[in-house]
Amino acid sequence: MAFAGRMRSTIPLASKLVSSESLATASRSNPQKALLSPIFTDSEISRNFSTATEKKEVKVKVPLALFGGCGNYASALYVAAVKTNALDKVESELNDIVEATKQSPVFSQFTKDPSVPAKTRVGAIDDICIQAKFSDVTKNFLVTVAANGRLRYIDSIAKKFEELTMAHRGEVRAIVTTVIPIPPEEEKELKAALQDIIGHGKKVILEQKIDTSILGGLVVEFDRKVFDMSIKTRARQMERFLREPINIGNL
């Protein structure tokens, strides 16, 4: 179809771009030991959490180098989950907590209120984990996060953790923004086109997003790359072109 045809026409150029950037990244990236075994601003997370979950020394390599506090927390949880062979369960439990903050305004306010005493935060999270029958890894992690006053960042931590679990499974999320939902058949063709670009060693997870402000066309985002084929962007490019002064001498 024309829709998938437009996408496939970018494959040769995109493939070169992906290949060149991958080589450049490989030559630049030599993650430091601190990223694989994160050192946190709060000493308690490295002390309490690792002590509670570490039984046997098993070296685990984090599939992505994440930065910032949320990235460090997510990396620590990933290592603990892999060591106990509970990655899927921990991911599900962490998502349950995030969903609870979205469904309950009271719980959401509780996680974001810095005036709540640490003892109260820890006690409440401990009770929730016990009632929900969370794994020890998730329970110890959430208790540590609560003790360190970082519950308000749990959504960001969960998103970083999802990046790690997807990388672990060889999955790549592609977000496709359009004005109206993509028909199933064209979605299938678009996914195939993206699979050609990304390569068959990874699995494309297609996520649709509706945004009427782009006016038409589509925007595809994956692996920190953006293919903007929206009418809005094309209109802006045409506007800039029309505003440029004309050199009569070149006519």
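**Cysteines, salt bridges and helices in a predicted model**

The structure holds zero disulfides, a disulfide being a pair of cysteine sulfur atoms within 2.5 Å. Cysteine 70 is buried at 19% relative accessibility. Cysteine 129 is buried at 1%. Buried means under 20% relative accessible area, exposed over 50%, and partly exposed in between (1.4 Å probe, protein chains only).

The model is predicted: local features need pLDDT of at least 70, side-chain atom pairs count only at pLDDT 80 or more, and totals for chains, interfaces and linings use all residues. Residues are numbered from 1 along each chain as its sequence is written, and side-chain values use heavy atoms, with hydrogens and water left out.

The protein chain comes to twelve helices and four strands. Helices (H or I, at least four residues) and strands (E, at least two) are DSSP runs, numbered from the N terminus. Of its 251 residues, 37% count as buried. Contact means heavy atoms within 4.5 Å. Among contacts between residues at least 6 apart in sequence, 71% join residues at least 24 apart.

Nine salt bridges are present, each a side-chain nitrogen of Lys or Arg within 4 Å of a carboxyl oxygen of Asp or Glu. In helix H6, glutamate 93 and lysine 89 lie four residues apart, about one turn of the helix. Their side chains meet in a salt bridge at 3.0 Å, N to O. Glutamate 93 is buried, with a relative accessible area of 4%. Lysine 89 is partly exposed at 44%.

Arginine 173 and glutamate 162 form a salt bridge at 2.8 Å, N to O. Arginine 173 belongs to strand E1 (residues 171-178) and glutamate 162 to helix H10 (residues 154-168), so the pair ties together parts eleven residues apart in sequence. Arginine 173 is partly exposed at 28%, and glutamate 162 is partly exposed at 29%.

Glutamate 171 pairs with arginine 169 in a salt bridge, their closest N and O atoms 3.4 Å apart. Salt bridges with shared partners join Asp88, Glu91, Arg169 and Glu171 into one network.

Threonine 101 also lies in helix H6 (residues 87-103). Threonine 101 is buried, at 13% relative accessibility. Its side chain reaches the backbone oxygen of valine 98 at 2.5 Å. Beyond neighbours within four places in sequence, threonine 101 is in contact with Phe107, Ser108, Thr111 and Ile154.

Helix H11 (residues 184-198) has 15 residues. Its buried residues include Leu190, Ala193, Leu194 and Ile197. Just after H11, glycine 199 takes a positive phi of about 105°.

Note on methods. Expected span 1.5 Å × (residues − 1). Polar contact = N/O pair within 3.5 Å; in protein donor to acceptor, adjacent residues only side chain to side chain.
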